[in-house]
Amino acid sequence: MMGARSWVLRHRRLLPLLVDATAWAAGLLAAVLARYDFAPTRRSLAGALVAIAVAVVLQAAIGHTRGLYRGRYRFAGFDEVRAVATSTALVAFVLTAIVLLLSQHPLPAGLPALGGTVALVMMLAVRYARRTQQARSQRPDARSTAPVILFGAGAAAVKLLDSMLQDPKGRYLPAGLIDDDPGKRHLRIFNVPVRGARDDIARALADTGAGLLIFAVANADAALVRDIRDRTLAAGAQFKVVPSVTELMDHPVEVGDVREVQVTDLLGRHQIDTDLTAIGGYLTGKRVLVTGAGGSIGSELCRQIHHFGPAELMMLDRDETSLQAVQLSIDPQARLEDPAVILADLRDAARIREIFRDRRPQVVFHAAALKHLALLQRYPAEAVKTNVLGTLNVLDAAQAVERFVNISTDKAADPSSVLGYSKRITERLTAWTARRRQGTFLSVRFGNVLGSRGSVFTKFSAQIADGGPLTVTHPDVTRYFMTLQEAVHLVIQAAAIGQDGEALVLEMGSPVRIAEVAAQMAQLAPAPVAVEYIGLRPGEKLAETLFGAGEVDHRPFHPLISHVEVPPLDTSHLRPLLADIDSAVLIARLAETCALPAPAPALR
């Protein structure tokens with residue numbers, strides 16, 4: 001069986017050589033006939049036959065060295081076309097040189113170039129015809145597929161169209177494209193026409209009989225997704241999307257990536273332009289430690305950092321179940337005895353120092369924290385132990401790191417809750433450490449992450465599963481939202497450009513009303529659910545802000561990342577937080593500690 005398969009493969013690779021040899025024969029004969037008005041002499045015909053033999057040998061030799069007849073190139077792809085053209089040009093050049101070097105020219109010197117041109121046209125024509133035949137054979141059967149319209153005629157749509165049209169068993173047959181770019185109004189991609197702009201969605205769906213529109217823009221913001229979805233549903237069709245560009249880091253979009261719309265698409269998408277070179281420069285080949293690796297943000301950090309090829313990725317958490325989950329999401333074959341998995345508690349200062357001493361991380365992403373606002377408001381001592389002292393333990397242990405990134409929150413800007421106070425203190429402690437250590441120590445601040453554990457999205461999903469109602473604190477409460485993948489993508493980017501001691505604030509778009517989140521999720525629910533308003537909780541703001549008093553929105557390096565100065569906080573000011581005191585007193589002391597002035601600058 002293997003011998004027969006090898007024979008078929010070998011002969012299949014020889015077919016292009018046979019085509020090219022025939023093309024040279026036809027091309028040179030046509031050139032001779034045209035040169036002598038279809039009445040060539042015996043001498044010219046004999047010269048043409050010799051030239052054909054030489055051309056075939058040269059084509060075989062040159063083409064072999066370029067891999068044309070060894071299966072190196074995709075059939076009739078751009079790379080093969082380039083190789084065919086250069087090989088033919090070289091053959092024509094060598095043939096011309098041979099003719100000129102002979103004392104008695106068997107052929108006019110210009111005939112090899114003319115014959116080579118005709119041969120090249122024939123070679124490419126045969127390849128194009130074969131490629132077209134293959135494409136038609138792979139095209140889905142119109143009798144067993146449903147016509148679809150794609151919104152977008154950019155790179156993602158081209159990849160998706162190519163995937164659709166090369167899947168004989170596919171479910172979709174593209175019937176048209178919609179794009180707002182006037183320059184694409186008469187464009188056809190793989191013979192699929194652009195049928196207008198967004199205002200033409202209803203007409204395009206009706207004209208083609210399509211019952212589905214696929215949103216095929218991988219780097220679109222949420223406002224565009226909502227608008228196109230509303231127009232599609234109003235036209236009586238279904239709406240699906242391709243994932244955002246940050247979800248497609250490892251591969252181009254394919255038919256299998258098309259999915260139902262999610263609330264993250266409707267509320268959290270943002271256009272992100274990422275400098276992958278800058279990211280790879282500080283992660284590739286480095287020993288990287290992520291604390292809180294089992295959490296939603298920490299686990300996504302691990303998945304994206306793994307993409308950049310660190311020398312070692314260390315995942316630290318105190319929750320063994322979450323640690324195993326993130327490990328399996330990166331490597332399904334991994335086991336818990338893998339040294340990449342580190343079970344430890346940030347509150348254990350000696351254990352954290354031991355880990356840093358033995359594993360010597362070069363880059364640290366500190367994502368471990370307690371973050372449930374209402375719970376921490378009730379138990380502020382726990383916020384001090386984990387968020388404040390736990391962060392201090394990690395900072396103290398990070399004696400020889402190159403880069404330390406503290407993951408903060410927008411609640412640290414003009415804080416009003418225990419969560420906000422504790423995270424603002426960690427920003428200031430990070431800035432204090434930056435003054436005393438080599439390496440870069442910085443914080444990254446952003447708002448609510450759709451899909452993270454404990455987010456309003458998770459709460460609403462649970463309430464929908466329970467039949468409702470969806471509970472909203474206030475009709476006018478607003479928050480900043482970003483998808484988990486996009487937030488972490490920007491965190492990694494921010495860490496590449498951040499300066500010592502500062503906080504980097506991620507652009508979160510416009511604030512979104514929580515009531516709108518509830519409404520969008522209610523629309524996606526399988527059954528109707530009600531919405532109820534329950535009032536603001538202690539420490540909760542009606543509207544969050546990304547910048548505190550006196551902070552300036554300064555974006556010197558990236559349009560989506562602001563840089564703000566953070567006043568350092570001397571660790572001696574933490575002593576009043578360690579006493580066994582009433583919760584109300586502790587909350588007041590947390591607020592006072594946040595407001596303390598910065599100490600005088602100190603040399604490292």
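Predicted model: local features only at pLDDT ≥ 70, side-chain atom pairs only at ≥ 80, totals over all residues.
A polar contact here is a pair of N or O atoms within 3.5 Å; inside a protein, one of the two must be able to donate a hydrogen and the other to accept it.

**Around Ser417**

Ser417 sits in the loop between strand 12 (403-407) and helix 15 (418-434). A polar atom of the Ser417 side chain lies 3.1 Å from the backbone nitrogen of Gly420, and since the cut-off is 3.5 Å, the pair falls within the distance limit. Is Ser417 buried or exposed? With a relative accessible area of 2%, Ser417 is buried, because anything under 20% gets that label. Leaving aside residues up to four places away in sequence, Ser417 touches Leu373, Gln377 and Gly539.

**Salt bridges**

Side chains of opposite charge can pair when their charged atoms come close. How many salt bridges does the structure hold? The count is 32. Three of them are set out here.

| Salt bridge | N to O distance |
|---|---|
| Asp179 and Lys184 | 3.9 Å |
| Arg203 and Asp207 | 3.4 Å |
| Arg357 and Asp358 | 3.9 Å |

Arg203 and Asp207 both belong to helix 6 (residues 201-208). They are 4 residues apart there, so about one helical turn separates them, and their side chains meet in a salt bridge. What about accessibility? Arg203 counts as partly exposed at 40%, and Asp207 is exposed, with a relative accessible area of 52%. Exposed means over 50%, so Asp207 makes it into that class.

As for Arg357 and Asp358, their side chains also meet in a salt bridge, and Arg357 is exposed, with 56% relative accessibility.

A few spots in the backbone are worth a look. Which peptide bond is cis, with omega near 0°? That's the one from Gly468 to Pro469. Pro469 lies in the loop between helix 16 (456-465) and strand 15 (470-472).

Phe190 has a phi of about 55°, and its place is the loop between strand 3 (188-189) and strand 4 (192-193). At a relative accessible area of 39%, Phe190 is partly exposed. Arg360 is another case, with phi near 50°. You'll find Arg360 in the loop between helix 12 (349-359) and strand 11 (363-366).

**Phe93**

Phe93 is part of helix 3 (residues 78-101). Is Phe93 buried or exposed? Its relative accessible area is 61%, so Phe93 is exposed, the cut-off being over 50%. How far apart are the C-alpha atoms of Phe93 and Gln333? The separation is 56 Å, for two residues that are 240 residues apart along the chain.

How values were computed: Residues numbered from 1 in each chain as written. Heavy atoms only, no water. Helix = DSSP H or I, 4+ residues; strand = E, 2+ residues; numbered from the N terminus. Buried < 20%, exposed > 50% of the residue type's maximum accessible area, 1.4 Å probe, protein only. Salt bridge = Lys/Arg side-chain N within 4 Å of Asp/Glu carboxyl O. Contact = heavy atoms within 4.5 Å.
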